[in-house]
Amino acid sequence: MEKIKLGDIDFSKLKKCSIQGTTSTMYKSDDKCIKILDKFTEEEKNNLYLKLLDMDGIKIDNVMMPIELIIQNGKLEGYTTENFKNSINIYDKFINPRYVNVKEILNALKKASLILREIHENGIIVQDLSFDNILIDNTGNVKFIDIDACNYNEHVTNIIPLLLKRYMIDNRNDCVIISKNTDRLSMLLATFSLLYLMEVQRITKRKYMTLASNINTVENLHDTYITLSSKKKKIGELEYLDEFIDENDDFIIDREKQYNVIEKVLVYFYK
């Protein structure tokens with residue numbers, strides 16, 4: 001992995017990205033995105049530095065791995081990735097329009113699930129798996145971004161997605177044990193949230209059927225929904241999302257019929 005000096009970057013020629021993370025500042029040029037870890041502690045920067053060095057050489061299709069490490073005084077200050085042009089995160093892509101074809105959603109989610117399989121095959125646990133961190137462009141290509149929180153070998157962090165925290169800790173009063181199964185759970189939780197605009201533990205059986213009666217994939221997920229909507233049922237080994245997806249599904253969802261104003265606020269806050 002190449003290293004560049006922080007002082008060699010001309011920030012006057014870069015644009016700040018419209019969406020910023022809570023722990024860093026993002027910039028972009030025509031061909032690169034630059035992530036500056038300005039809200040990381042020194043310990044967090046050092047831990048990430050060691051992890052990225054350990055992960056050097058790993059290349060996964062459709063995962064935006066660091067291209068260059070940005071160094072100052074021998075310490076990690078950020079890194080660069082490719083600029084995935086004309087892209088938007090999966091949540092914003094499919095929540096904002098009033099009418100959305102579930103076929104488009106499921107095509108994107110199947111691609112994301114297949115990418116997750118490959119990530120796991122490379123010994124990486126995403127850990128902070130959220131649809132905010134999965135992008136789709138205007139031709140339907142899907143890519144994972146922001147691998148800072150990933151678990152690799154002995155390199156671990158304490159970052160988990162908000163949906164997972166609210167589901168496991170707040171709802172089930174349970175601990176979170178990081179594993180590949182946790183990633184699969186996070187993707188399923190995010191899928192229910194995207195389809196229903198509410199967290200799975202809030203979806204009633206009657207509301208579940210509003211889509212299950214029209215979408216085979218949702219019907220295929222019924223047993224998983226029953227398990228996840230309960231606070232007491234044991235969550236065993238979960239399947240990857242792509243195993244549930246029926247490519248023949250073709251149904252238009254009218255978002256206006258799905259939520260009231262309060263639910264709309266909640267889904268944006270907890271996505």
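## Ground rules

The model is predicted, so local features need pLDDT of at least 70 and side-chain atom pairs count only at pLDDT 80 or more, while totals for chains, interfaces and linings use all residues. Residues are numbered from 1 along each chain as its sequence is written, and side-chain values use heavy atoms, with hydrogens and water left out.

## Helix H5

Let's start with H5, which covers residues 180–196. Helices (H or I, at least four residues) and strands (E, at least two) are DSSP runs, numbered from the N terminus. The 17 residues of H5 should span 24 Å at 1.5 Å a residue, where the expected span is 1.5 Å times one less than the number of residues. The end C-alpha atoms of H5 are 25 Å apart, which agrees.

Of the 17 residues in H5, 16 are buried (under 20% relative accessible area; exposed is over 50% and partly exposed in between, with a 1.4 Å probe and protein chains only). At the start of H5, the backbone nitrogen of Asn181 has a side-chain oxygen of Ser179 within 3.2 Å. After H5 comes Leu197, with a positive phi near 60 degrees.

## Two asparagines with positive phi

Asn62 sits in the loop between helix H1 (42–54) and strand E5 (68–72). Its phi is positive, near 70 degrees, and Asn62 is partly exposed at 34% relative accessible area.

Asn86 belongs to the loop between strand E6 (75–82) and strand E7 (87–89). Although Asn86 is not a glycine, its phi is positive, about 55 degrees. Asn86 is exposed, with a relative accessible area of 59%.

Note on methods:
A polar contact is a pair of N or O atoms within 3.5 Å; within protein, one must be able to donate a hydrogen and the other to accept it, and residues adjacent in sequence count only if both atoms are side-chain atoms.
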